[in-house]
Amino acid sequence: MEFVPAKSILSKVKSGGWFGIDYNMNLYRGCSHGCIYCDSRSDCYHIENFDTVKGKENALAILEKELAGKKTRGVIGIGAMSDTYNPQERTYELTRGALKLIAKYGFGVSIDTKSDLILRDMDLLQEIRQQNNVIIKFTVTCAQDELSKIIEPHVCASSKRLSAVKQLSESGIFTGILMNPVLPFLTDTKENMTKLVQAAHENGAKFIHTYMGMTLRENQRIYYYEKLNESFHGLTEQYVKTYGNQYDCTVPNHKALYAHFKSECEKYNILYKMNDIIHAYKKPVATYEQLTLF
């Protein structure tokens, strides 16, 4: 694996953002999952050869220095730009090393992933959970394994992700599902919503978060349409006719579909509002003052 220079690993985020995280962290650049809809392919992120995973040089040394210098122990978001549990992680263990440091310095974690490799690190997640907040979010876009292997070809199928949700949840780790994006004309059906919410319930998911659509811009749109042409004849033309060059592509039936989604979640007592999810997983953490010898 190629390594690229890095000046920092942690970046501060505005309060009240994505699942209440305080910092954002990416140990890798690029992603090999091959998801046809991935927004991180967009030109604005300036990631060349996105499908090739690259590590960040001296990532763990930089991270430890940054963690040691923080006065408050916040929640660190991992996996926003690229899945931190990519195949290279099995060999290089940058994520596992980072979790050890996060546990050492008493921080919390909020992890987005599609990979059941996260189960390897359940021991560290449990250790972190004893002193701070932990939330795990598995992206699961559809209930059917056959469809998931087309739109997310190089990652474990939906059923394996749901099994990982169950194992983490049964161990006491606050775990749920990101049903994002909802792909127009592909996954935007009541049948898919019903099956996915039911599967979430059966596998112990505490929450499901979604928005009724997807984003399309620049290089991402070109790649997405190429993949649609390979597997779904005529669907690209339907997108062009419906959305043109729009960035925010809300599914045509979004109001009725979201109402159905809410009804299904409430039936199983699954959280779906961001504020409710944050309130459920976050517990008070004492302010951490860095000690010195003098």
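Predicted model: local features only at pLDDT ≥ 70, side-chain atom pairs only at ≥ 80, totals over all residues.

Colleague: How many cavities of 30 Å³ or more does a search of the whole structure find?

Modeller: The general idea: rolling a probe the size of a water molecule over the atoms shows where empty space is left. Here, the search of the whole structure turns up one cavity of 30 Å³ or more.

Colleague: Which residues line the largest cavity?

Modeller: Its lining is made by Trp-18, Ile-21, Asn-24, Gly-77, Ile-78, Ala-80, Ser-110, Asp-112 and Lys-137. Strands S6 (75-78) and S7 are the elements that give two or more residues to this lining. By type, the lining has four nonpolar, three polar and two charged residues.

Colleague: Now the open space. What volume does the largest pocket have?

Modeller: About 890 Å³. The lining of the largest pocket counts 35 residues, and Trp-18, Ser-40, Gly-79, Ala-80 and Asp-112 lie nearest its centre. Strands S7 (108-113) and S11 are the elements that give two or more residues to this pocket lining. Sorted by type, the pocket lining has 16 nonpolar, 12 polar and seven charged residues.

Colleague: Take Gly-79 from that list. Is Gly-79 buried or exposed?

Modeller: Buried means under 20% relative accessible area. Gly-79 has 11% relative accessibility, so Gly-79 counts as buried. Gly-79 sits in the loop between S6 and helix H2 (89-92). Beyond four places in sequence, Gly-79 touches Met-25, Asn-26, Thr-84 and Asp-112. Look also at Lys-114: it is 35 residues from Gly-79 along the chain, and their C-alpha atoms are 9.7 Å apart.

Colleague: Which residues have the most contacts inside the largest nonpolar core?

Modeller: In soluble globular proteins, nonpolar side chains tend to be buried together. In this model, the largest nonpolar core has 55 residues, and Met-25, Leu-99, Ile-102 and Leu-125 have the most contacts inside it. Helix H3 (residues 94-105) gives the most to this core, with seven residues. Apart from this core lies another of 18 residues, including Cys-142, Ile-151, Tyr-225 and Tyr-243.

Colleague: What does Leu-125 contact, leaving aside neighbours within four places in sequence?

Modeller: Leu-125 is in contact with Leu-99, Val-109, Ile-111, Ile-118, Val-134, Ile-136, Leu-168 and Ile-173.

Colleague: On to helices. Which residues of H8 are buried?

Modeller: An α-helix has 3.6 residues a turn, so residues three or four places apart point the same way. In H8, the buried residues are Gln-220, Arg-221, Tyr-223, Tyr-224, Tyr-225 and Leu-228. These buried residues of H8 pack against S11 and helix H9 (235-243).

Colleague: Where does Arg-217 lie?

Modeller: In the loop between strand S11 (213-215) and helix H8 (218-231). Arg-217 counts as buried because its relative accessibility is 18%. The side chains of Arg-217 and Asp-39 are joined by a polar contact of 3.0 Å. Among the residues Arg-217 touches, leaving out those up to four places away in sequence, are Ser-42, Cys-44, Tyr-45 and Tyr-247.

Colleague: And Thr-215: what joins its side chain to that of Asp-39?

Modeller: A polar contact of 3.2 Å. Thr-215 belongs to strand S11. Thr-215 is buried, since its relative accessible area is 13%. Neighbours within four places aside, Thr-215 is in contact with Asp-39, Gln-220 and Tyr-247.

Note on methods:
Residues numbered from 1 in each chain as written. Heavy atoms only, no water. Helix = DSSP H or I, 4+ residues; strand = E, 2+ residues; numbered from the N terminus. Buried < 20%, exposed > 50% of the residue type's maximum accessible area, 1.4 Å probe, protein only. Polar contact = N/O pair within 3.5 Å; in protein donor to acceptor, adjacent residues only side chain to side chain. Contact = heavy atoms within 4.5 Å. 1 Å grid on protein atoms, 1.4 Å probe; cavity = no way out; pocket = protein on both sides within 12 Å on 5 of 7 lines; lining within 4 Å. Points joined across faces, edges and corners; volume = space filled by probe spheres on them. Nonpolar A, V, L, I, M, F, W, Y, C, P; charged D, E, K, R; others polar. Core = buried A, V, L, I, M, F, W, Y, C linked by side-chain atoms within 4.5 Å.
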